[in-house]
Amino acid sequence: MIYRALPSPFSVTAAVPGEVVPLALASGASFLCIRPSARSFSGWVTATFFTSERVALRFATNASMSFALPFCAVRANGAWFCVSVPVSIRSFSVIGRSLPCLFVAL
C-alpha cells in the first residue's frame with residue numbers, strides 16, 4: 001500500500017533523485033515530485049511534469065538510457081505529461097499520517 005512506504009531495498013540499484021533533477025532541468029521540466037510508488041521496482045519514483053508530450057517522451061528516452069532502465073512510464077495527467085523515473089530512497093521523514101513526498105517547481 002502506498003501509505004506504508006518503505007526505503008528502497010539495499011539490493012536495488014537505481015538513480016537517486018539528485019541525479020534525475022539535472023536531467024529534468026536540462027529537458028525543460030516544469031515540476032518534479034518524489035513519491036512512493038507501488039509499481040516501481042525501487043518503491044519510489046520521481047514524477048517529472050512536462051507541458052509537451054514530445055518533450056516528455058524525449059526525457060523518458062534519455063532517462064532510461066542514462067540510468068540503464070528498461071523504460072520510464074509516460075502518462076497524461078490533465079494538461080501535463082508525467083514521466084515516472086524509478087529512484088532509490090534510503091530514508092525519509094514522515095509527518096503524522098501523511099504521505100512522504102516532495103513536490104518542487106523547476
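**Fold.** I counted two helices and five strands in the protein chain. Helices (H or I, at least four residues) and strands (E, at least two) are DSSP runs, numbered from the N terminus. Along the sequence I read α-β-β-α-β-β-β.

**Source.** The model is predicted: local features need pLDDT of at least 70, side-chain atom pairs count only at pLDDT 80 or more, and totals for chains, interfaces and linings use all residues. Residues are numbered from 1 along each chain as its sequence is written, and side-chain values use heavy atoms, with hydrogens and water left out.

**Burial.** Of the 106 residues in the protein chain, 42% are buried. Buried means under 20% relative accessible area, exposed over 50%, partly exposed in between (1.4 Å probe, protein chains only). For contacts (heavy atoms within 4.5 Å), I looked at residues at least 6 apart in sequence: 68% of these contacts join residues at least 24 apart.

**Ser 30.** I found Ser 30 in the loop between helix 1 (17-27) and strand 1 (31-36). Is Ser 30 buried or partly exposed? Ser 30 is partly exposed, at a relative accessible area of 22%. Beyond four places in sequence, Ser 30 is in contact with Phe 49, Thr 51, Trp 80, Val 104, Ala 105 and Leu 106.
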